[in-house]
Amino acid sequence: MRTTLRTLQRMCDNGERISVLTCYDASFALLLENSGVDVLLVGDSLGNVLQGEETTLPVTLDDMVYHTRCVARGSSKAFIMVDMPFGTSQISPENTFENAAELMAAGANMVKIEGGHIMTETIRFLTQRGIPVCAHIGLMPQSVHLLGGYKVQGKTHSQAKRLLEDAVILEKAGAGMLLMEAVPSTLAKKITKTLVIPTIGIGAGRNCSAQVLVLYDMLGIYSGKKSRFIKNFMVSADSISEAVENYVKEVKSGKFPGLEHGF
């Protein structure tokens, strides 16, 4: 039986940490869920790790539909979350719904949308029509040029206040989960305690409800720049399966991320 959003909310309510990894194909989908991963994120990070692009911006909706189908075919238990690529959620709620519907038809259980309170109307429109949404705040790779690079967000008092306000607004709009990327650990902890819905952290400290890493980063096979929140789990493992199992164990126990992986 496939994990549902209700399952994840129950885990959050019970204080059980949720493990998330990116996934782009059927073979890894089966391996990851058999290793205990709760959520498979079909991330637009495929632009970096699969396509060799410098940013996620060139990734298309067709790319995401294709890889979602691949993951869905290989998976029968894990919850499948899919990124809405650049340009597919910024025009109008109606246009976003059409694009999200394609991803849901391909096998997504939830779509993830980058953006703060400006995405409120869109998230409300989607969730009222049956499409679960994970909101994404903090460092937003699709806005890398606007943000001036891959920088930590929420470091000043005003920035932190805005991110907290955005989180509350997006939850009220219907977001079923919230991903925070590259934000100070203390801020992520405060947001997690404020919200009812599960929070997913990547570079957001150990107090989020869930943790996510890019699969290729945690296996140490991506040659790009390494962020401080990354840990190579292959270093102490004899196989990919063992590395993933160790990742899941460390997320569940709270060992990962450590203080050295936060901001």
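Biologist: Before I go on, what sort of model is it?
Modeller: It is a predicted model, where local features need pLDDT of at least 70 and side-chain atom pairs count only at pLDDT 80 or more, while totals for chains, interfaces and linings use all residues. Residues are numbered from 1 along each chain as its sequence is written, and side-chain values use heavy atoms, leaving out hydrogens and water.

Biologist: Thanks! Back to Glu165 and Lys161: where do they lie?
Modeller: Both are in helix α8, residues 157-173, four residues apart, which is about one turn of the helix. Helices (H or I, at least four residues) and strands (E, at least two) are DSSP runs numbered from the N terminus.

Biologist: How many salt bridges turn up in the whole structure?
Modeller: A search finds six. One of them joins Asp83 and Lys112, whose closest N and O atoms are 2.6 Å apart. Asp83 sits in strand β3 and Lys112 in strand β4 (residues 110-114), so this pair ties together parts that are 29 residues apart in sequence.

Biologist: Are Asp83 and Lys112 buried or exposed?
Modeller: Both are buried.

Biologist: Which residue does Glu250 pair with?
Modeller: Lys231: their side chains form a salt bridge at 2.9 Å, N to O. Glu250 is in helix α11 and Lys231 is in the loop between α10 and α11, so parts 19 residues apart in sequence are tied together. Glu250 counts as buried at 13% relative accessibility, while Lys231 is partly exposed at 25%.

Biologist: Which residues form a network of salt bridges?
Modeller: Glu16, Asp38 and Lys252 are linked that way.

Biologist: Changing topic, where is Phe233?
Modeller: Phe233 is in the loop between α10 (215-218) and α11 (240-253). Phe233 is buried, with 2% relative accessibility.

Biologist: What does Phe233 touch?
Modeller: Setting aside residues up to four places away in sequence, Phe233 touches Leu213, Met218, Ala243, Asn246, Tyr247, Glu250 and Phe256. Contact here means heavy atoms within 4.5 Å.

Biologist: How far apart are Phe233 and Phe28?
Modeller: They are 205 residues apart in sequence and 16 Å apart in space, C-alpha to C-alpha.

Biologist: What about the backbone at Ala182, what is its phi?
Modeller: Phi of Ala182 is near 50 degrees, a positive value in a residue other than glycine. Ala182 belongs to the loop between β6 (177-181) and α9 (185-194), and it is buried at 3% relative accessibility.

Biologist: Now Ser89: why does Ser89 count as buried?
Modeller: Because its relative accessibility is 2%. Ser89 is in the loop between β3 (79-83) and α5 (93-106).

Biologist: Which residues does Ser89 touch?
Modeller: Not counting residues up to four places away in sequence, they are Met84, Thr96, Ile113, Met119 and Thr122.

Biologist: Last one: where is Thr120, and which residues is Thr120 in contact with?
Modeller: Thr120 is in helix α6, residues 120-128, and counts as buried at 12% relative accessibility. Leaving aside neighbours within four places in sequence, Thr120 is in contact with Ile169, Leu170 and Ala173.

Methods
Buried < 20%, exposed > 50% of the residue type's maximum accessible area, 1.4 Å probe, protein only. Salt bridge = Lys/Arg side-chain N within 4 Å of Asp/Glu carboxyl O.
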